[in-house]
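Subject: Handover of a structure and its findings

Dear colleague,

Please find below the structure that I am handing over to you. I would be grateful if you kept it open while reading the notes that come after it.

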Amino acid sequence: MQFYYGQQMPLRILDEAEFWKHQEEEHTVVIRELVKGLEPEFVDALKKWEAALAETHQQVVRYIETVIRSGANVTNELHQHVIQLVSYCLQESLSFIRLCEQIKNESAAVSGNPTAKVVLVHIIRESEYFTGIAQALLYNTQNAT
């Protein structure tokens with residue numbers, strides 16, 4: 001992601017968050033469907049994550065609509081709310097990564113499924129991509145104040 005969007009930056013980062021929260025939500029289903037015999041505690045955790053990520057996704061969509069309606073007049077208060085939401089999304093993604101790592105490393109069902117290991121690594125890398133974008137935005141925002 002490029003950082004030359006200027007006034008459009010809140011919308012640009014929200015677009016990224018909207019895309020990646022939806023991806024992570026879908027990834028919970030991919031893992032459950034791919035790993036036959038996945039331990040019930042991981043299945044339950046993934047179902048809870050699916051719901052949580054869906055809620056975050058919807059919250060991001062609501063903020064996108066708010067920023068669009070505000071036009072070129074993104075208030076400082078709205079900008080701060082966007083930054084807080086991005087921070088929340090970052091923390092949520094880091095926690096989701098930890099769950100995926102735990103499943104990859106501790107699940108007996110995954111240990112016998114090389115494809116599942118590859119998919120989990122791919123899912124982790126995709127979430128890490130988003131965390132990099134979010135961290136860069138938050139770092140740039142902190143340095144600007």
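The notes below begin with the chain as a whole and then turn to individual places in it.

This is a predicted model, in which local features need pLDDT of at least 70 and side-chain atom pairs count only at pLDDT 80 or more, while totals for chains, interfaces and linings use all residues. Residues are numbered from 1 along each chain as its sequence is written, and side-chain values use heavy atoms, with hydrogens and water left out.

Overall architecture

The protein chain contains 5 helices and 0 strands; helices (H or I, at least four residues) and strands (E, at least two) are DSSP runs, numbered from the N terminus. Read from the N terminus, the order of elements is α-α-α-α-α. The chain has 145 residues, of which 43% are buried. Here buried means under 20% relative accessible area, exposed over 50%, and partly exposed in between, with a 1.4 Å probe and protein chains only. The accessible surface is about 7,800 Å², and carbon and sulfur atoms supply 52% of that surface. Such areas come from the Shrake-Rupley method with a 1.4 Å probe; for residues, only the protein chains shown count as cover. Among contacts (heavy atoms within 4.5 Å) with a separation of 6 or more, 75% are between residues 24 or more positions apart.

The nonpolar cores

A nonpolar core is a set of buried Ala, Val, Leu, Ile, Met, Phe, Trp, Tyr and Cys residues joined through side-chain atoms within 4.5 Å. The largest one has 22 residues, and Leu14, Val60, Val67, Val82 and Val86 have the most contacts inside it. Helix 1 (9-34), helix 2, helix 3 (76-106) and helix 5 each give two or more residues to this core. Its largest share, 7 residues, comes from helix 3. A second, separate core of 20 residues includes Leu46, Ile97, Cys100 and Val110. Val67 touches Leu11, Leu14, Val74, Leu78 and Val82, residues up to four places away in sequence being left out.

Helix 2 and its surroundings

Helix 2 covers residues 40-70, 31 residues in total, and reaches 45 Å from its first C-alpha to its last, close to the 45 Å expected at 1.5 Å a residue. That expected span is 1.5 Å times one less than the number of residues. Its buried residues include Phe42, Val43, Trp49, Thr56, His57, Tyr63 and Ile64. Thr66, also in helix 2, is partly exposed because its relative accessible area is 36%. Just after the helix, Gly71 takes a positive phi of about 60°.

Arg32 is found in helix 1. Apart from residues up to four places away in sequence, Arg32 touches Val43, Leu46, Lys47 and Glu50. The C-alpha atoms of Arg32 and Lys47, 15 residues apart along the chain, are separated by 8.7 Å.

Two buried polar residues

Glu92 lies in helix 3 and counts as buried because its relative accessible area is 5%. Its side chain is joined to that of Thr56 by a polar contact of 2.8 Å. A polar contact is a pair of N or O atoms within 3.5 Å; within protein, one must be able to donate a hydrogen and the other to accept it, and residues adjacent in sequence count only if both atoms are side-chain atoms. Beyond residues up to four places away in sequence, Glu92 touches Lys21, Trp49, Ala52, Leu53 and Thr56.

Thr131 is in helix 5 (residues 114-144) and is buried, with a relative accessible area of 6%. A polar atom of its side chain lies 2.7 Å from the backbone oxygen of Glu128. Leaving aside neighbours within four places in sequence, Thr131 is in contact with Leu90, Ser93, Leu94 and Ile97.

Aromatic pairs

The whole structure holds 3 aromatic pairs. One of them, Phe19 with Trp20, is edge-to-face, at 4.8 Å centre to centre and 85° between the planes. Rings of Phe, Tyr and Trp (its six-membered ring) pair if their centres lie within 6.5 Å; planes under 30 degrees apart count as stacked, over 60 as edge-to-face and the rest as tilted. Phe19 is partly exposed at 41% relative accessible area, whereas Trp20 is buried at 9%. Together with Tyr129, Phe19 and Trp20 form one aromatic cluster.

Yours sincerely
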